[in-house]
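Please look through the structure below, following the chain from its start to its end, before you read the report that follows.

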Amino acid sequence: MSTNGAITTRTGFRFEVRFARPEDEPTCRIFTHVTPEDLRFRFLGATKEISHERLVAMTRSDDAHIHNFLAFSTDGMLIAVATLASDRDDRTGEVAICIRVDRKHLGVGWELLAYIAKYAEELGLEAIESIESRENHAAIEVERDMGFTVTTDPDDATLVLVRRELGARSAA
C-alpha cells in the first residue's frame, strides 16, 4: 500500500495521508486546534498541552511496530494525526486518531480509520483496536458502523475496548 494517499470523504472533502517525518515536528501543533475533550479522549487523561517530547515521538519512530500518520488538507494544513502501534508479535494494532476541531464532521475520521485498517491488514495484522472513553460517543459510533465490536474494559468501567478483525477473519 502506498503510504501517500489522496482521499475524498463522503462530503467531498479532500485530504492526503502520509507517514510522519522528523521535519514535521514543528508543524504538529494540531493539538492547539482540538477541544480539551478531544485531547482527553485521545490521551485518556487530563492533558492541557502536548510536550515537545511527545511531538518528537510522533514524528520520529525507529520502532518498526509504531506507524505515525499525518493528514493534510489540499492547502497543506495539518488536519489530523493518527498512530497505529502493533504488538511485538504483529497480530494486533492499537489505533489512535485526533482531528482538528474545524475539520470534524467532514468524514475525515471515518476515511482515516479505513485507511489505517487497510494498511494494518496489508501489514498482516489480524485485528485493530482502540481504547475509548465511554463518553466518546462519536468515535464509538463510527467504529461500530465500521464493524468494530465494543466491550467494557474489565479494569476500568469508564473505558471501552473497540476491536475489528481484519482479513479473512473479518470475512468469516
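A residue is called buried if its relative accessible area is under 20%, exposed if that area is over 50%, and partly exposed in between, with a 1.4 Å probe and protein chains only. By this rule, buried residues make up 43% of the 172 residues in the protein. The model is a predicted one, in which local features need pLDDT of at least 70 and side-chain atom pairs count only at pLDDT 80 or more, while totals for chains, interfaces and linings use all residues. Residues are numbered from 1 along each chain as its sequence is written, and side-chain values use heavy atoms, with hydrogens and water left out.

The protein has 5 helices and 8 strands, where helices (H or I, at least four residues) and strands (E, at least two) are DSSP runs numbered from the N terminus. Along the sequence they follow the pattern β-β-α-α-β-β-β-α-β-α-β-β-α.

Strands of a sheet pair through backbone hydrogen bonds, either parallel or antiparallel; here, two strands count as paired if DSSP finds at least two bridges between them. In this model 8 strands form an open sheet with mixed pairing, in the order β1-β2-β3-β4-β5-β6-β8-β7. Because β1 (5-8) and β7 (149-152) stand at the edges with a single partner strand each, one side of each is left without a neighbour in the sheet. Within the sheet, strand β4 (residues 78-86) and strand β5 (residues 92-99) run antiparallel and are joined by 7 bridges, and Ala85 stands opposite Glu94 in β5.

Contact means heavy atoms within 4.5 Å, and angles, which run from 0 to 180 degrees, are taken between N-to-C directions of axes fitted to C-alpha atoms, for helices over the stretch in contact.

| Helix | Strands | Angle |
|---|---|---|
| α3 (residues 108-123) | β1, β2, β3, β4, β5, β6 and β8 | about 30° with β4 |
| α4 (residues 137-145) | β6, β7 and β8 | about 155° to β6 |

Rings of Phe, Tyr and Trp (its six-membered ring) pair if their centres lie within 6.5 Å, and planes under 30 degrees apart count as stacked, over 60 as edge-to-face and the rest as tilted. The count comes to 5 aromatic pairs. Phe19 and Phe69 form a stacked pair, with 5.2 Å centre to centre and 25° between the planes. Phe19 lies in strand β2 and Phe69 in strand β3, so the pair ties together parts that are 50 residues apart in sequence. Phe69 is buried, with a relative accessible area of 1%, whereas Phe19 counts as partly exposed at 26%. Together with Tyr115 and Tyr119, Phe19 and Phe69 form one aromatic cluster.
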